[in-house]
Amino acid sequence: MTRMTIEQAIHQALAEEMRRDERVFLMGEGVATKRRDLMQDFGAARVRNTPLAEAIIAGTAVGAAASGLRPVVDLLFAPFLTYAMDALVNSAGKLRYLSGGQFDFPLVALSMTGSGWCVGAQHNHNLEAMFVHAPGLKVVMPSTAADFKGLLKAAIRDDNPVLFFTDLALLHQEGEVPDGADHLVPLGQAVVRRVGADVTLVSYAKTVGVCLQAAEQLQAQGIAAEVIDLRTLKPLDETTVLRSLRKTGRLVVVTEASGLCGMAAELAALAVTRAFDALRAPVVRLTGPDAPGASSWVLEQAALPTAEAVVEAVQGMLGDAVVVREALATT
Amino acid sequence: MSAVGMTDTLCRLEAMLLIRAYEETLVEFQRGGAPGTCTSVGQEACAVGVVGALESRDRILTNHRSAAHLIARGADPGRLMAEVLGRVDGYCGGRSGSLHISAKELGVVLTSTIVGGELSMAPGVALAQKMGQGEPGGITTVFFGDGAACEGIFHESLNLAVQWQLPLLFVCENNDWQAFVHRRETMPDNAIADWAAGHGLPVATVDGNDVEAVHAAALEAVAAIRADGRPRFLELVTYRLRGHFEPDDQAYVDADELARWQARDPLQSQADRLLAQGALDADEFAQLREQAAARIEAAMVFAQASAWPDPRTLTHHVYAEQGAHS
Ligand SMILES: Cc1ncc(C[n+]2csc(CCOP(=O)(O)OP(=O)(O)O)c2C)c(N)n1
Ligand SMILES: [Mg+2]
């Protein structure tokens with residue numbers, strides 16, 4: 001194990017996969033400037049600064065991916081993806097199918113999002129669910145350094161187009177990362193971050209931390225929360241969520257993204273359609289509001305789900321059960 | 001010295017000094033860890049020269065590097081700073097921060113930090129003027145960078161403006177940088193003017209560090225647009241003297257190139273011109289600087305005293321109140 005920041009984990013994953021497979025190349029606005037060492041190691045042909053033009057960056061990635069290369073494109077901030085949307089959604093997501101399976105699109109589109117930097121809604125927009133909605137695309141949004149590295153490496157090796165989102169505020173967070181170039185985390189596998197039998201808290205990216213904090217506070221009240229980090233949003237690991245839900249009977253989904261038609265809605269639907277009999281309380285969604293991200297620190301913070309809100313929601317769900325347990329404890 | 005009786009040339013120096021003081025004060029403030037801004041240090045002449053050629057009936061669109069445009073248009077530095085600090089007295093109530101400051105009351109509309117966003121909306125603003133919205137005879141000016149000219153929307157915007165004969169002034173501040181990428185990596189050298197000309201636009205390429213040259217070219221373009229209702233294109237050749245945003249160590253910038261442009265500082269050039277003409281002496285210049293610094297100091301005091309927005313207003317302004325504007 002080596003301790004490193006998430007930024008370093010991403011960089012290592014890129015370097016290792018470029019070393020492993022010469023078809024992998026990197027392009028974007030300023031990647032050759034910012035990742036100078038990769039440019040020096042792998043040459044200017046494989047680490048390319050591009051003109052400021054997301055539509056052609058993404059389009060070029062799609063064309064190159066279908067033609068034998070494995071592009072990784074850095075599209076900087078998630079809101080800029082809308083310029084790249086045609087290539088990603090209409091081309092990468094659809095042309096495998098529309099061609100009757102003649103083409104693969106092994107490409108990764110990197111972007112950053114998330115609150116904490118006061119940059120406002122044109123840099124901070126958790127729009128990952130838009131891509132979950134689009135057929136043919138995979139979507140990843142990890143929370144730990146080990147997962148960033150392992151999932152990015154797996155995404156680069158995947159033969160499908162992968163949207164890889166980085167929660168900005170996590171970039172400088174450190175974590176232990178397994179050594180060796182074969183540390184891979186398969187796409188489509190959630191992970192149980194904390195085991196508990198009373199309630200299932202599901203999240204991804206930095207709100208996993210919110211759930212873990214809440215679980216800690218709940219523990220002090222005698223409530224055992226299970227925390228699931230989805231890591232991959234699509235394909236969604238339904239098995240892990242359902243297994244937990246069958247045990248706890250209670251589901252709280254926490255996302256920074258807004259709730260309408262988002263991951264929280266999808267998980268609520270999963271619970272209702274596949275584990276209705278196990279549910280002991282209505283599903284709770286704690287999400288960002290249906291509003292663009294504000295720049296002002298106080299408004300930005302006000303939009304976020306907090307550990308306190310999670311605790312409160314769980315207490316609400318567990319109301320009776322907690323009372324019973326307290327009664328038992330006093331007898 | 002007071003604004004009364006000041007020549008236009010002197011006023012332009014004063015405006016540039018105010019912009020410089022505003023941005024340098026923010027840079028200092030941000031050293032303490034506050035979110036960084038994109039400054040227009042070195043590009044003040046572009047803003048002052050062009051905006052000074054516009055009238056109140058005209059509309060302006062700008063982008064992430066907007067402070068100079070806003071201040072040149074008469075924006076209150078205190079309210080600008082309050083916005084940058086996310087306070088309630090900012091032009092956008094703290095929702096924007098530095099990157100998308102619009103001030104409708106000043107005719108600075110639809111600021112977008114999505115590069116090319118301003119270019120996508122400008123034809124619509126000009127179309128509305130052409131179709132009778134706003135004061136008669138108004139034109140639209142859109143400020144954007146050389147990087148924005150790399151986006152496909154640049155061509156779409158120019159083409160539509162020409163085809164629909166829109167009263168639109170395109171102003172490209174070609175500062176050789178597109179965030180962390182030098183322009184030479186992204187386009188042929190004279191590409192911007194050639195592209196604009198290729199779309200059938202009359203183009204003037206001007207020294208963007210000479211505020212008088214910029215102003216003269218802008219006056220000419222604006223008059224031409226008002227006369228025939230058709231778009232014009234100004235390419236202002238300038239340079240980004242500071243980093244893309246603060247803080248930025250500019251380690252990727254060629255030191256000689258930077259030094260060459262630092263020697264062409266638009267404020268110093270304008271001061272030298274006035275000093276040579278005898279229209280200004282060294283004491284008066286120092287006094288102008290001090291006045292600018294004092295205004296900005298007061299602006300910072302105002303901004304820091306401004307309240308934070310009420311979190312309960314978080315979802316205000318997401319949707320229109322039906323009927324409120326009809
Ligand atoms: C669509 C989009 N892509 C990328 C960015 C990130 N970005 C912000 S400013 C900038 C450089 C813009 O260069 P230019 O248009 O020349 O303007 P300048 O910053 O030089 O004033 C970049 C890449 C963005 N804001 N929007
Ligand atoms: Mg530029």
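Contact is taken here to mean heavy atoms within 4.5 Å, and on this basis the interface draws 34 residues from chain B and 32 residues from chain A. The structure is a predicted model, in which local features need pLDDT of at least 70 and side-chain atom pairs count only at pLDDT 80 or more, whereas totals for chains, interfaces and linings use all residues. Residues are numbered from 1 along each chain as its sequence is written, chains are lettered from A and ligands numbered from 1 in the order in which they are written, and side-chain values use heavy atoms, with hydrogens and water left out.

Buried area is the accessible area (1.4 Å probe) that two parts lose on being put together, summed over both; for chain B and chain A it comes to about 2,400 Å², with carbon and sulfur atoms giving 67%. On the chain B side, the residues that lose the most area to chain A are Ile114(B), Glu151(B) and Leu314(B), which together account for 24% of what that side buries. The residues of chain B that touch chain A divide into 16 nonpolar, 14 polar and four charged, where Ala, Val, Leu, Ile, Met, Phe, Trp, Tyr, Cys and Pro count as nonpolar, Asp, Glu, Lys and Arg as charged, and the others, Gly among them, as polar. Between the two chains there are 12 residue pairs in polar contact, both residues being at pLDDT 80 or more; a polar contact is a pair of N or O atoms within 3.5 Å, of which, within protein, one must be able to donate a hydrogen and the other to accept it, and residues adjacent in sequence count only if both atoms are side-chain atoms. The count of salt bridges between chain B and chain A is zero, a salt bridge being a side-chain nitrogen of Lys or Arg within 4 Å of a carboxyl oxygen of Asp or Glu.

Over all chains, the same rule gives 36 salt bridges. One of them joins Lys153(A) to Glu16(A), with the closest N and O atoms 2.7 Å apart. Because Lys153(A) lies in helix H8 (residues 145-157) of chain A and Glu16(A) in helix H1 (residues 6-20) of chain A, the pair ties together parts that are 137 residues apart in sequence; helices (H or I, at least four residues) and strands (E, at least two) are DSSP runs, numbered from the N terminus. Lys153(A) and Glu16(A) are both buried, where buried means under 20% relative accessible area, exposed over 50%, and partly exposed in between (1.4 Å probe, protein chains only). Lys153(A) and Glu16(A) also belong to a network of salt bridges that links them with Glu17(A), Arg20(A), Lys149(A) and Arg157(A).

In chain B, Asp210(B) forms a salt bridge with Arg273(B), the closest N and O atoms being 3.0 Å apart. This pair links distant parts of the chain, 63 residues apart, with Asp210(B) in the loop between strand E6 (203-207) and helix H8 (211-228) and Arg273(B) in helix H10 (residues 266-277). Arg273(B) is partly exposed, at a relative accessible area of 27%. Another salt bridge pairs Glu28(B) with Arg31(B), again with the closest N and O atoms 3.0 Å apart; Glu28(B) is partly exposed at 49% relative accessibility, and Arg31(B) is exposed at 59%.

Asp146(B), in the loop between strand E2 (140-145) and helix H6 (152-163), and Asn175(B), in the loop between strand E3 (168-174) and strand E4 (177-178), are 29 residues apart, and both are buried.

A cis peptide bond joins Lys234(A) and Pro235(A), with omega about 5 degrees, and Pro235(A) is placed in the loop between strand E12 (232-234) and helix H10 (238-248) of chain A. The peptide bond from Glu246(B) to Pro247(B) is likewise cis, with omega near -10 degrees. Leu76(A), although not a glycine, has a positive phi of about 65 degrees, and this residue is buried at 14% relative accessibility.
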